[in-house]
Amino acid sequence: MKFIKKTIPLLIVLVVGVLTLASYYVPHKYSVDYLELMNKWENIVSAFAFLLGLISLFYTHYSKISRKVDGWGYSIFVYIGFFAMVIPAIVCHGKQMSDTGQTALGWAFGFIYNPLSATMFAVLAFYIVSTAYRSFRIKSPQAFVLFLAAFILILGKVPLGQIIWHSALGWTGQGVDQVIEWIMSVPAVAGKRGIMIGIAIGAVVTSLKIIFGIEKQYMGKD
Amino acid sequence: MLKEKLQKFFKIDRRWIFLLLAVVIFIPILKPIGLPNKTISRDAQNAFNFMDSLKPGQFVLFSLDYDPSTRPELQPQAVAAIRHAFKKNLRVGVVTYIAGSTGLIQQIFEKVPAEYGKKNGTDYVIFPYMANPTAAMTQMASDIYGIYDRDQDGKDAKSLPVMKGIRNYKDMALVVNITGTAMLDSWVAFVGDKYNVPVFGGVTAISQPGYGPYLQTGQLKGLIGGMKGAAEYESLIQEPGKGTSGIDSLNLAHLLVLVLILTSNILLLVIRYL
């Protein structure tokens, strides 16, 4: 049993991992063919992952509704939202426009999905502004540096800010765009590059640990 | 006494702030201020220059990966870049790896190509949504038809005039990725760097600072950032659009954020030293 549940999956990961890694560096027909085959498999597996996710989503919300847990009414909207988009998509064969004009899917996209999705994101702006007022406290030199950088970037991103900068600090000879350019290409890049190198090294190490069977948590507890 | 009064300002009902922001955003929509965007960022200029240097007939692959949540910032960028490509008589291919993007792509191509007399299948092609970006990106390196054998209307992709002579990245002059996700990193790592394909991007203003390292090393040929980036690109192609008009609303909203942060910190200082 252990051979089927542990050894075979680990061997598959090892073989596929090493071959995929090697094919990245070997420009040969075999490696290209192998990558093409893997891409097809990846797409098929992704489709099943979608299906699994959908079943899990439905099951979770069905369970919430049947047990009438707090906020169970929201779970009904998961089904309403899902079917409001999927039924028109099936009926219209995924087409949003036809020769006669907009299809039901086009309408659902334009008048259900589009405004709902945009509203969800737009609401964030209100919370950000409110939080900026309540929580952005300059209590340390580091916070002051952060504030200064944010102040210049926010100001320089709009024409009105550029006009204000020019009126107040035009005598320095430095345009706000030049200052932003410096912030973006020196301190911001330095910080970001450090983070990226750290993440990349971490990803390489974790990948190698998975390929060589040192990291096995993805296989579950059994 | 004064201290207590000032402290009340911190406990102000946040709905007042919401209302203030709503007013500040709506006023310019109802009555545009119309301030000109005087500066063009280096990265937007570089993106424009690269596209502008391409020869008519060359193939540009657009990967439009955003949904309605980031539409106000990214759709104007996509429209401006596609307009530029059509103006330059470039051939355009469109892919997407975000399901919500398909309707937005449809909206662009219902209107823009007709303005330049461009035809589906001859001057541009829209490929269907694919769920797995890395697999599609890698596949297109050897044979694009291995993954996109048909366009979104079900026509045989290989036989379309727009795809003549196009088999993989070697036949493409540029990849443009406009995204509200981290997809641009994948385009740089899996396509730009590995297959030596020029890539430029369009991202939301909040993600823009993160792409500095790629711009410095030349891994990205340029970057359009947020609504301001869209307005810049529109002014470069001399076609004002939603980016230019949207920047009006940002004017007052940005200043409101600054005023609120300054006010709260000044109040804090006064309270501390009273």
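The model is predicted, so please take each value as computed from predicted coordinates.

Start with chain B. Its secondary structure amounts to ten helices and six strands. The chain has 274 residues, and 47% of them are buried. On contacts: take those in chain B with a separation of 6 or more, and 74% of them join residues 24 or more positions apart.

Next, the contact between the chains. How many residues does each chain put in? Chain B gives 49 residues and chain A gives 48 residues. On the chain B side, five helices supply at least two residues each: α2 (14-30), α5 (101-115), α6 (133-142), α8 (212-217) and α10 (242-273). Which of them has the largest share? That is α10(B), with 13 residues of the side that touches chain A. By class, this side of chain B holds 22 nonpolar residues, 20 polar ones and seven charged ones.

Now chain A, and its domains. The assignment gives domain 1 as 1-69 and domain 2 as 71-135. Taken over C-alpha atoms, the centres of domain 1 and domain 2 of chain A are 29 Å apart. Where the two domains of chain A meet, domain 1 contributes six residues and domain 2 contributes five residues. The domain 1 side of that contact consists of three nonpolar residues, one polar residue and two charged residues.

Last, one residue of chain A, Ile211(A). It sits in helix α8 of chain A, which covers residues 187-211. Is Ile211(A) buried or partly exposed? Ile211(A) has 18 C-beta neighbours inside 10 Å. A residue needs 20 or more to be buried, and 12 or fewer to be exposed, so Ile211(A) counts as partly exposed.

What does Ile211(A) touch, once neighbours within four places in sequence are set aside? The contacts are Val13(A), Leu14(A), Gly17(A) and Val18(A). There is also a C-alpha distance to quote for this part of the chain: Ile211(A) and Leu11(A) are 200 residues apart along the chain, and their C-alpha atoms are separated by 8.9 Å.

To recap the contact between the chains: 49 residues from chain B, 48 residues from chain A, with α10(B) supplying 13 residues of the chain B side. That is the end of the talk.

Note on methods: Residues are numbered from 1 along each chain as its sequence is written. Chains are lettered from A and ligands numbered from 1 in the order in which they are written. This is a predicted model: local features need pLDDT of at least 70, side-chain atom pairs count only at pLDDT 80 or more; totals for chains, interfaces and linings use all residues. Two residues are in contact if their C-beta atoms, placed from the backbone, lie within 7 Å. Helices (H or I, at least four residues) and strands (E, at least two) are DSSP runs, numbered from the N terminus. Ala, Val, Leu, Ile, Met, Phe, Trp, Tyr, Cys and Pro count as nonpolar, Asp, Glu, Lys and Arg as charged, and the others, Gly among them, as polar. Domain bounds come from an automatic or database domain assignment.
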